Structure formats: structure tokens, C-alpha cells
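User: Hi! Could you walk me through this one? I'd like to go topic by topic, if that works for you.

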Amino acid sequence: MDRKYYSVAGHTFCLVMPERDPLWAMLTPYAPFECAAARDAVLFTLIVDEKAAVPSADGDFAGSFGVDGSRMDVYRTGIGYAYYLAAPGETGVSRIFMPHGCREVTIVPAGKKLSRFFALNNALMLMYAFASAPHDTLLMHASVINRGGKGFLFLGKSGTGKSTHSRLWLEHIAGSGLLNDDNPVVRIIDGQPWVFGSPWSGKTSCYKNESVPVDGIVKLQQAPENRVERLSPLKAYAALLPACSCMKWEENIMGGVHDTVEKLAVGAGCYRLCCLPDKEAVILCCSTVSDT
């Protein structure tokens, strides 16, 4: 078995997999985050083992959630959680076992190479979200612009136009660059919110190992006209929470998410932008949210 270490937003995790497994060659999104072996304890270790025994799915059903067009079912066991994930269009089911504490996770990927990578990539992403939650860290569903060394996050339901809004910033707001287009990481460090790039950026190949302080968070909402409002901490909390990856039935994980979202709602400027997908919307957004 070979092992590699990756550091995302300052949290290091380890991937263990057979040396000749073809999945190693597919991990190019992770290359910017590869690091030396951690001196301190890693956040978690994910082991790819085709022969591992994963608890069967006849236990206590905990819940399910969508994962990139597929569905992951979660079951409680006496010592942790068993996850079952099928890649879109696949009948084979990949199995993941996460013991309590998230420290050493095992995955038995199923299907052909692309399906196996789908399972591995999503397992790494979700285990990162769960294991980092107690450490003032959020994996968020958002698109992020870096402008002048400051980060602007755009949130919204799928199809709202987060990527479109970021693209319009790139076209019309000077000095803008894309940091991440789907799953950035937000951390509270010394009371200051920071946003980090990650290996998970949806359909956009944007895997940057960079970070900037958060200057504004914008919840997008489609509308027939452009208008923007600053949200109170309470309304900001309600807007931020649905964008966070979490397991609402796991007290330790959800407690960490709640605490960090509360700090973010108070410590970052949060806004609601009702808008059209046009140049005027991004100019209004930038002039209102940015302090530069």
C-alpha cells in the first residue's frame, strides 16, 4: 500500500491505496495540495481496500443526501456509520465505513475506473467536511472570487446562477480571479474568516491552494430586477447554514457547523442579492459589498 498526504485549508489528511491502483493517476485535482507526511495527527486517513468488510445496510437508517447527481444512504452501526453510494448510471454500490471520530475511514469503491474515482473523490470531500467541522471549518457550496486579495463568496440553490455570477465578475470587475467554483473551505482563524481553495470545484477545473480573507458573502436570488440588502446576523445565519456540508443527525459534527456558522454570520458581511444575470447586477454587488 502506498500513502500520500494532502493539506487543505491547513488540515492534513492521508490517502492509503495500493501502489499500482490506476486511481492515483486521476488525482490531479489534489496535486496542488500534496504535502509531506504530517508531524502532527492527521485530520483523517482514508484507506482504499477492495477486500474490506463494511457493515451491511440492514442497520439503523440515519438519512441520505444528494452527491453530484447521485444519492448517498447512511446507516448507523454500533461503532460508526456505513455509507452507500452509486455513481450516476451505475448499478454497483461503493461502500464507505466511518467510525466514530472520523479518524480512519475505509472505502470499497465499485464499478469501472470513473465510477471508482467518483466514489473516492466524494468520500474524501465528505469525510473532510465531517472531520473538520469541530475545528471552526466549513466546506461550503459556493463560488468564490478573489479580488485584490479579498474573497467574495456567492451562495444559492443549485441553478441560481453562482457560476454565472462569478463569470460576470471575471468579465466586468477588474482584478477578479476565480478561487473555487463549487466547494471552497471557510475557516475562522483568530476571529477572522478566511476562504481557501480546495480539490473540489465542481465542473470547473479550478484547484488552487490559495487563501484570502473573506470580504463579503452574497446569497443570490433570481429576480426581475437588481437589488441588494445587508443581512442581519440572524438572517445571515439562516442563509449560510444550508450551504454547508454536514450530517444533521450527528451531534458532534452538526454542533461544530452551528458554532462556525454563527461566528461567520457575525464576523463577515453577508448580503442578499436579488438579480438578473447581467453586468449591472455584478456592478451593484461589487460596489455594495466590496470595501475597496
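Analyst: Happy to! One term to begin with: helices (H or I, at least four residues) and strands (E, at least two) are taken as DSSP runs, numbered from the N terminus. This is a predicted model, where local features need pLDDT of at least 70 and side-chain atom pairs count only at pLDDT 80 or more, while totals for chains, interfaces and linings use all residues. Residues are numbered from 1 along each chain as its sequence is written, and side-chain values use heavy atoms, with hydrogens and water left out.

User: Great. Where is Asp136, then?

Analyst: Asp136 sits in the loop between helix 1 and strand 10 (137-139). Its phi is near 55°, which is a positive value in a residue other than glycine.

User: Is Ala9 buried or exposed?

Analyst: Buried means under 20% relative accessible area, exposed over 50%, and partly exposed in between (1.4 Å probe, protein chains only). Ala9 is at 3% relative accessibility, so it counts as buried. Asp136 has a relative accessible area of 22%, so it is partly exposed.

User: Back to helix 1. How many residues does it have?

Analyst: Helix 1 has 20 residues, running over 113-132. From first C-alpha to last it reaches 28 Å, close to the 28 Å expected at 1.5 Å a residue; the expected span is 1.5 Å times one less than the number of residues.

User: And how many of those residues are buried?

Analyst: 18 of the 20 are buried, so helix 1 is largely enclosed by the rest of the structure. Asn121 is found in this helix, and its relative accessible area of 16% is why it counts as buried.

User: What does Asn121 touch?

Analyst: Leaving out residues up to four places away in sequence, Asn121 touches Tyr30 and Trp200. Contact here means heavy atoms within 4.5 Å.

User: What about the nonpolar core? Which residues touch the most other members?

Analyst: A nonpolar core is a set of buried Ala, Val, Leu, Ile, Met, Phe, Trp, Tyr and Cys residues joined through side-chain atoms within 4.5 Å. In the largest one, with 77 residues, Tyr83, Phe130 and Met140 touch the most other members. Helix 1 gives the most to this core, with 13 residues.

User: Which residues is Phe130 in contact with?

Analyst: Apart from neighbours within four places in sequence, Phe130 contacts Phe65, Tyr83, Met98, Cys102, Cys246, Met247 and Ile253. There is also a second, separate core of 18 residues, including Phe152, Leu168, Leu178 and Val218.

User: Switching to pockets: how much space lies in the largest one?

Analyst: About 1,000 Å³. A pocket is found on a 1 Å grid over the protein atoms alone, as an open set of points where a 1.4 Å probe fits, with protein on both sides within 12 Å along at least five of seven lines; lining residues have an atom within 4 Å of a point. Grid points are joined across faces, edges and corners, and the volume is the space filled by probe spheres set on the points.

User: Which residues lie nearest its centre?

Analyst: Of the 36 lining residues, Gly66, His141, Ser158, Asp182 and Asn183 lie nearest the centre. Helix 1 shows up here again, giving the largest share of the lining, four residues.

User: How does the lining split by class?

Analyst: It has 13 nonpolar, 16 polar and seven charged residues. Ala, Val, Leu, Ile, Met, Phe, Trp, Tyr, Cys and Pro count as nonpolar, Asp, Glu, Lys and Arg as charged, and the others, Gly among them, as polar.

User: Tell me about His141. Where is it found?

Analyst: His141 is in the loop between strand 10 and strand 11 (143-147). It counts as partly exposed, at 27% relative accessibility. Not counting residues up to four places away in sequence, His141 touches Leu155, Gly156, Ser158, Lys162, Asp182, Asn183 and Ala243.

User: Last one: where does Cys270 lie?

Analyst: Cys270 lies in strand 18 (residues 270-275), and at 3% relative accessibility it counts as buried. Its C-alpha is 6.0 Å from that of Arg230, 40 residues apart along the chain.
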